[in-house]
Structures are given as structure tokens and as C-alpha cells.
Amino acid sequence: MKLKDLGYNENLEKFRVENNLKEFEVGRVVTEHKERYIVKTENGDLEAEITGNLRFSAKTREDFPAVGDWVVLTIYDSDFAIIHKILPRRTVISRQAVGEFGEVQVIAANIDYAFLVQAVDRDFNINRLERYLTICNSSKVKPLIVLTKTDLLAPEHVVVIIDNINQRIKNIPVIAISNETQEGYESLKRIIRKGKTYCMLGSSGVGKSTLLNNLSGKAVMRTDEISTSTNKGRHVTSHRELIVLGNGGILVDNPGMREVGIVDTENGLETTFDKIVRLAKNCKFIDCTHTNETGCKVIEAVESGEMDKHSYENWLRMVKEKAHFESSVAERRKKEKTFGKMMKNYKKDMKRNKF
Ligand SMILES: Nc1nc2c(ncn2[C@@H]2O[C@H](COP(=O)(O)OP(=O)(O)OP(=O)(O)O)[C@@H](O)[C@H]2O)c(=O)[nH]1
Ligand SMILES: [Mg+2]
Ligand SMILES: [Zn+2]
């Protein structure tokens with residue numbers, strides 16, 4: 001396999017040359033498990049770990065390699081390597097980590113397009129789509145909505161669902177497919193291009209791995225039936241994996257997500273809810289929060305029906321969440337700084353007292 005087939009490009013090569021990294025092997029992280037990585041290189045798949053230096057200088061999870069990352073490494077055995085450096089990421093999809101507030105989790109790096117996968121039966125939820133969309137917009141990854149399991153619903157109902165999406169979400173392609181009958185596959189295949197990287201985001205049990213297996217023509221990922229008692233997926237996929245498809249497209253399978261906490265660093269909310277941004281320009285107060293002010297054009301638009309009420313409420317929820325996240329990050333940074341200072345003083349004392 002050539003690096004180009006994995007999506008390697010001139011910018012990455014330029015960086016490698018300019019930073020004197022030519023003595024290293026280059027590879028792309030295809031899977032990660034507890035700080036152990038499988039890296040695809042021109043010399044095959046290598047198991048890899050990071051250098052101690054990389055580990056100790058890492059301040060957050062974002063400083064660790066993620067699936068989709070380009071890395072430089074040294075091969076030690078024929079199949080073992082040490083990762084020295086992560087090459088600059090073009091895009092990063094991240095979310096608020098579950099359980100650890102203020103901590104960011106990287107879902108995948110260097111992704112061109114994200115398939116926002118929802119099943120048309122019971123999983124379908126536009127609020128959640130807007131959430132995924134916000135994540136894509138803040139990571140500069142192009143989104144595409146993929147509706148699965150159309151075989152479980154009458155075609156006229158599928159049309160209603162697509163109409164509902166189009167009313168709230170503008171200018172994002174929606175492709176309806178069935179992994180069972182492969183209806184809609186042609187439209188999806190036309191989108192997948194050689195050397196571009198795609199990832200799938202969605203709840204457990206919506207058919208992400210089934211889609212990947214079908215597109216690759218191999219049973220790469222394990223799939224399983226959804227639970228009959230809860231009607232939910234069983235979180236079959238437990239790690240991320242990057243696969244090169246027959247047509248040259250590169251596809252990343254992700255575990256089903258339980259929660260999608262947003263980390264909006266690049267104005268993802270403004271892009272997703274651009275209509276609110278437009279309306280807000282004419283609010284009476286410049287610092288209008290669009291919650292209860294008089295002369296608020298956003299509230300007026302919601303009342304007149306010009307702005308979708310559910311979309312507005314969903315936006316409000318995410319704005320609050322973002323504020324909460326940002327204050328947690330600030331809090332965490334403060335603590336880290338205090339701790340850093342403490343360590344510095346401690347080291348100074350150690351030197352002075354020659355312990
Ligand atoms: N009827 C129908 N069943 C489907 C379709 N796609 C997937 N399934 C079934 O749904 C179940 C879950 O599919 P998976 O591919 O494992 O789902 P997943 O999204 O990878 O789930 P996690 O790995 O848990 O996140 C399996 O039993 C699939 O056969 C579809 O389009 N139609
Ligand atoms: Mg899966
Ligand atoms: Zn307002």
C-alpha cells in the first residue's frame with residue numbers, strides 16, 4: 001500500500017521535509033486501544049506506542065495520537081514501532097468526553113466528510129442531527145446525513161422524514177439507504193472518492209459497521225442485532241477503525257455514541273444555526289441572549305413560526321452546554337497552572353537542598 005492511497009498529501013510531505021523528519025517512517029493510525037496503536041505504513045501494519053517524551057509533554061487527550069492521524073515513527077522490530085510525532089492535523093472531530101467535564105475526546109483526525117448516521121425507525125432524532133452537525137461545523141468537516149434501515153419503513157414515511165430534516169437543516173445532503181436491500185447505495189458510493197477520508201457518527205445499532213462491511217465487501221467489523229428488550233444497540237463496536245475501501249475511499253468506523261457533548265471551538269453553533277445569527281442582528285439590545293428580552297427578533301420569529309421552535313430550543317440547550325463546558329475548561333486550566341507552579345517550586349527546593 002502506498003501512503004497516497006491512505007490519503008497522504010503534499011502538505012504533509014512538505015512539513016516532514018521542513019522539520020527534518022525524513023529519517024522516520026510515515027504512517028497513519030488506523031486503530032487505537034489504551035495508548036497502543038496500529039499504524040499503517042508502506043511496510044505494512046505496525047503495532048506502536050508513543051515515546052515517553054510525547055507522553056510527558058501531552059497536556060490533554062488531544063495531544064495523543066487519534067485514529068486518522070499521520071505520525072512519524074521508528075520501526076524496532078519488523079512489526080513494532082515507536083511514534084515520535086503527530087503531523088499537523090487538517091481537521092479534528094472532538095466531543096466533550098463522557099463523565100469528565102472539561103475534558104475533550106478526539107473522535108478522529110484528518111477527516112474530510114462525516115456521515116451522520118441515523119436509522120429511520122426508532123433512532124431518528126433531528127435534535128441529535130443538529131448536535132452532530134455542530135460538531136462537524138466546529139471541526140470544519142463536511143457533513144452528510146445518512147438514513148439507514150429504510151427497508152423497515154414505508155417509502156412515503158421515509159419521504160416525510162427527509163422533508164422534516166430539510167425544513168430544519170438546510171443545504172446538507174441527505175441519503176437514505178438500506179443495508180438490507182442496498183437501496184440507495186449507488187448514491188452513497190458516488191460520493192465516496194479515492195484518497196478522501198470519511199467517518200461515521202451515530203448511535204449504537206444504526207448499522208454503521210454493517211455499512212462499512214458492505215462497502216468494503218469484507219466482514220471487517222463485527223455487527224450484532226440490537227437488543228429486543230430495550231430496542232437499542234448493544235455497543236458492538238468498541239474501538240475506532242480505519243479501512244481502505246475497494247474504490248480507494250477511506251472509511252472510519254466509530255463506536256456508537258451515547259452522548260454527544262459539544263465542544264465548540266470554531267463557531268460550530270453559529271454555522272449550524274446561521275438563521276438565529278441573522279435574526280439576532282436586529283434584536284433591540286446588542287447583548288440580547290434571545291431568552292426573554294423585549295424586542296428580540298429571534299423570539300419574535302419563533303412566535304410567528306418563521307423560526308422552528310424545536311430548533312431554537314435545541315440551540316438554547318447547546319449554548320448553555322457550551323458555556324458550561326468553557327467554564328469547566330477555564331477552571332481546569334487554572335488548577336493545572338497552580339499545580340505546575342507548585343511542581344516548579346518543589347523542583348527548585350529539591351535543587352537548593354540537594355536532595
Ligand atoms: N433491517 C435493517 N437492519 C439493519 C440495517 N443496517 C443494519 N441493520 C442491523 O442492525 C443491527 C446493528 O448493526 P451494526 O452495523 O452492528 O450497528 P452499529 O451502528 O455498527 O452499532 P455499534 O457498533 O454498536 O455502534 C444488525 O443486526 C444489522 O444487521 C438496515 O439497513 N436494515
Ligand atoms: Mg459497529
Ligand atoms: Zn434576541
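Trainee: Is tyrosine 346 buried, partly exposed or exposed, and at what relative accessibility?

Mentor: Welcome; this is a predicted model, where local features need pLDDT of at least 70, side-chain atom pairs count only at pLDDT 80 or more, and totals for chains, interfaces and linings use all residues. Residues are numbered from 1 along each chain as its sequence is written, chains are lettered from A and ligands numbered from 1 in the order written, and side-chain values use heavy atoms, without hydrogens and water. Buried means under 20% relative accessible area, exposed over 50%, and partly exposed in between (1.4 Å probe, protein chains only). Tyrosine 346 therefore counts as partly exposed, with a relative accessibility of 48%.

Trainee: Which atoms coordinate the zinc ion (ligand 3)?

Mentor: Donors are N, O and S atoms within 2.8 Å of the metal (3.2 Å for Na, K and Ca), and water is not among the atoms, so sites may look incomplete. Here the donors follow the spacing C-x4-C-x1-H-x5-C along the chain. At 2.0 to 2.4 Å, the coordinating atoms are Cys283 (SG), Cys288 (SG), His290 (ND1) and Cys296 (SG).

Trainee: Are cysteine 283 and cysteine 288 buried or exposed?

Mentor: Let's start with another zinc donor, Cys296. Cysteine 296 has 2% relative accessibility and so counts as buried. Cysteine 283 and cysteine 288 are both buried.

Trainee: How many disulfides are there?

Mentor: A disulfide is a pair of cysteine sulfur atoms within 2.5 Å. Cysteine 199, for instance, is in none, as its nearest cysteine sulfur, that of cysteine 136, is 7.0 Å away. The count of disulfides is zero.
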